[in-house]
Amino acid sequence: MKPAKIFWGVFFLGLGALLLLKNFADIDFAMPELKKFWPVLLIAAGVIYLTKNQIVRTVIAGFAGFGLAFIILSIAASVYEIPKTIFSNTKVHRGNHDLVSIKSEPYDSTVKLVTLSFDGGAGSYIVSAVDTNLMTLKTDRSNRKFSIRNNISNGTADINVEMAEFNLDLNDTSFANLVELTLSPKPLYENLDFNIGASNFELNIGELIFKKMDLQMGASSTKIVLPQPAPGGSEIRIESGASSIEIIIPQNAQLKMVNSMALSDTRLPQGFKEEGNVIFSENFTGTGDYFLVKVDGGVNSLIVKRK
């Protein structure tokens, strides 16, 4: 029998036997060090081609086939262990601030300007502007906690919200749990900065006035409901992976959008104009208060609507 048939026959037999053994015995095949020995397979292939002894060639081919099966199974087991290594029982504390599932920052009437930085992982996020407090953060489960810093100086609040602890149960398919952030619509937001992973993201800030907003997202479905632009205009920068983005603007708001997405399905309201990669609302004049939106990313679906 040819060594090639021996190799593949033993490979499939070995892989099947090892998988069957794993189903009936508590055996951990995750052996990261084993991956370092894959060049042995190349050595075995060289020996098979160089030697004329049929018995030696057959034996080496059999060992090489079983070795490949074992290495593939070890790599697969190691890849499965990566999320556990990263997330399971993760206890990352940043600073000496309390980690919370529910937290409110009381409204301070002296605060006129706010800068907000929000850094979260995968999940479903809802941000709204209906809070009587300056800010309230809620999560639907206790396995996700946040570090919150609020520094107030000279009428400006600098709020930093950062995911600091996330315990992931790989047997729980609903780990992408809900996070709600509500903001006070009273102050002017100088800068809003959101950095989130794969998620569903609803940004309903139709009552909030801001100057600049940065959204950095992984694969996500995003809905953004915008207010009137701030005096002097509002700038929005969106960087996303493969995602669908829906932007809803007020009836009379002016919009200029620079669309740098690689591939996109773009749907616009009637009367909007496209000039190259730039989109203009039907009432855009280039003067007065308007939204300047810059969108960049991979494969995207972009929808713009009016309220």
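I began with a charge and a ring: the charged end of Lys186 sits over the ring of Tyr107, 4.8 Å from its centre. I count a charge as over a ring if NZ of Lys or CZ of Arg is within 6 Å of the ring centre and within 35 degrees of the ring normal.

The model is predicted, so I take local features only at pLDDT of at least 70 and side-chain atom pairs at 80 or more, while totals for chains, interfaces and linings use all residues. I number residues from 1 along each chain as its sequence is written, and side-chain values use heavy atoms, without hydrogens and water.

Next, aromatic pairs. I pair rings of Phe, Tyr and Trp (its six-membered ring) if their centres lie within 6.5 Å; planes under 30 degrees apart are stacked, over 60 edge-to-face, the rest tilted. I get eight aromatic pairs. Phe118 and Phe194 make a tilted one, at 6.1 Å centre to centre and 45° between planes. Both residues are buried (under 20% relative accessible area; exposed is over 50%, partly exposed in between; 1.4 Å probe, protein chains only). I also looked at Phe284 and Tyr290: their ring centres are 5.0 Å apart with planes at 85°, so this pair is edge-to-face. Tyr290 is partly exposed, because its relative accessibility is 23%. Phe118 and Phe194 also belong to one aromatic cluster with Tyr125, Phe146 and Phe201.

Last, the core. I define a nonpolar core as buried Ala, Val, Leu, Ile, Met, Phe, Trp, Tyr and Cys residues joined through side-chain atoms within 4.5 Å. The largest has 49 residues; Phe118, Phe194, Phe210, Met213, Ile238 and Ile247 touch the most other members. A second, separate core has eight residues, including Ile6 and Ala61.
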